[in-house]
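Hi,

Here is the model I said I'd pass along.

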Amino acid sequence: MNKVPHLNKISKDNNLNQNCIIINPIQVFERKKNTKYNEEEISNLAQNINLIVKYQKNIIIRKITPALFFGKGQVQNFKIYLKEYSSNLLLINSQISPIQQRNLELSLHCKVLDRTGLILEIFGERAVTKHGKLQVDLATLSYQKSRLVRSWTHLERQRGGYGFMGGPGERQIESDKRQINKRISKIKNELKKIESNKLIQRRNRNKSLKPFISLVGYTNAGKSSIFNYLTKENVYAKNQLFATLDTTMRKCSLSYKNHIILSDTVGFITNLPTELVVSFKTTLDEIHFSDYLLHVIDISNPEWETQKKTVEKILATILGDKFDQTKIIEIWNKSDLLNKENLIYFTNVSKRNKNTILFSSKLKEGKEELLNLISRRIKKNKKFFLFNFATSTDSKKIKTLL
Ligand SMILES: Nc1nc2c(ncn2[C@@H]2O[C@H](COP(=O)(O)OP(=O)(O)OP(=O)(O)O)[C@@H](O)[C@H]2O)c(=O)[nH]1
Ligand SMILES: [Mg+2]
């Protein structure tokens with residue numbers, strides 16, 4: 001089972017149940033957009049690492065200033081909020097430059113974390129296996145390297161260095177950077193070893209000629225729940241963003257005679273830090289080598305279309321010119337949460353769409369339709385000639401083929 005043994009441990013040990021304030025920068029052209037879901041999402045992300053969100057505010061950005069990101073007046077207001085809500089951590093729901101981060105920290109006398117930093121934090125707490133941990137450490141170090149200030153990250157906290165404000169002096173930064181480079185090359189070497197083992201596993205898997213299928217999708221869409229349901233496994237599935245960080249593979253029976261290999265992996269999110277995409281290369285490589293992708297979509301989420309586009313965009317980045325829309329089967333999950341009207345609508349649309357299955361892992365609905373669709377796809381696929389041949393129960397067909 002995919003346990004999360006050290007979840008919350010670091011926070012509790014270091015007494016990090018800390019107040020924070022969230023600022024959502026909104027560009028002028030986006031001001032009419034409904035931001036409710038974004039606000040909820042960043043708040044959930046913060047609570048995931050035991051931060052106590054005291055106050056959250058949307059700020060309209062007319063022009064991003066190179067020094068502070070925000071206008072001076074806005075930054076003055078942040079000072080007031082921080083004092084009023086006894087917080088010494090400011091979360092910015094966007095990516096800011098290292099210089100902007102440093103200047104904000106200096107002028108607000110508090111720690112500033114941007115969206116990338118926050119996601120890295122969560123990954124740092126979730127990583128369980130050695131492989132997962134190394135990949136997160138690599139991403140965090142690459143992020144830190146670009147910062148002039150030492151960041152408030154899980155690595156820093158593990159060293160007990162949490163809580164400093166501003167940044168170390170230039171000399172310190174240089175020696176920090178040298179140290180970081182050393183650690184990066186050490187991690188890269190360790191990762192290489194793990195990767196060569198994975199390559200051997202992948203080669204063996206290819207030899208077995210079994211179709212290899214990966215579950216992909218936005219974080220919290222229900223991938224692990226579906227994985228457990230289809231494989232009778234018990235991997236960690238929880239109402240928590242980035243519950244899964246490592247890839248798990250199991251057999252999933254298609255018929256009484258044969259099976260496919262199903263893989264559950266890390267979820268995606270809007271603005272997934274590039275550091276993570278790069279560092280999680282081996283984990284995400286499983287997607288590269290998949291014969292089909294089951295794109296799990298939480299159809300009950302009002303933002304499902306945006307989430308779907310986000311996932312497709314990240315897939316296109318990972319797969320490059322290998323991105324093949326025809327490999328994707330969409331699982332419209334959490335149908336149990338739809339109201340009557342939407343349920344009728346989505347049932348009709350999914351029936352018309354050949355690549356979509358309406359699903360509820362909670363009510364255990366949709367499995368048969370999904371496995372039938374996968375079987376039909378495999379049957380049409382020349383690559384699986386031998387697989388189909390071996391599973392065919394039609395003896396006449398077998399004789400003609402012989
Ligand atoms: N109501 C309902 N809840 C579901 C369904 N499928 C999953 N969930 C819930 O959704 C939450 C997230 O499920 P997971 O399976 O962990 O989601 P995931 O996509 O693996 O998430 P990450 O690993 O964080 O990317 C859990 O609380 C599940 O119980 C469903 O069909 N209906
Ligand atoms: Mg999961």
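Below is what turned up, starting with the ligands.

A bit of housekeeping: this is a predicted model, so local features need pLDDT of at least 70 and side-chain atom pairs count only at pLDDT 80 or more, while totals for chains, interfaces and linings use all residues. Residues are numbered from 1 along each chain as its sequence is written, chains are lettered from A and ligands numbered from 1 in the order in which they are written, and side-chain values use heavy atoms, with hydrogens and water left out.

**The metal.** The magnesium ion (ligand 2) is held by S224 (OG) and T244 (OG1), at 1.9 to 2.2 Å. Donors here are N, O and S atoms within 2.8 Å of the metal (3.2 Å for Na, K and Ca), and water is not among the atoms, so the site may look incomplete. The two sit 20 residues apart, S224 in helix 9 (residues 223-231) and T244 in the loop between helix 9 and strand 6 (248-253). Helices (H or I, at least four residues) and strands (E, at least two) are DSSP runs, numbered from the N terminus. Both S224 and T244 are buried, meaning under 20% relative accessible area; exposed is over 50%, and partly exposed is in between (1.4 Å probe, protein chains only).

**Ligand 1.** There are 23 residues around ligand 1, and K223, S225, A243, D336 and S361 come nearest (a residue counts if one of its heavy atoms lies within 4 Å). As for polar contacts (pairs of N or O atoms within 3.5 Å), a polar side-chain atom of K223 is 2.7 Å from an oxygen atom of the ligand.

**Helix 11.** Is this helix enclosed or open? Helix 11 (residues 281-288) is largely enclosed by the rest of the structure, because six of its eight residues are buried. Those are T282, T283, L284, D285, E286 and I287.

Most residues other than glycine have a negative phi. K232, not a glycine, has a positive phi of about 60°; K232 lies in the loop between helix 9 and strand 6 and is exposed, with a relative accessible area of 71%. N271 also has a positive phi, of about 55°. N271 is in the loop between strand 7 (259-264) and helix 10 (274-279), and is exposed at 54% relative accessible area.

Cheers

Notes
Polar contact = N/O pair within 3.5 Å; in protein donor to acceptor, adjacent residues only side chain to side chain.
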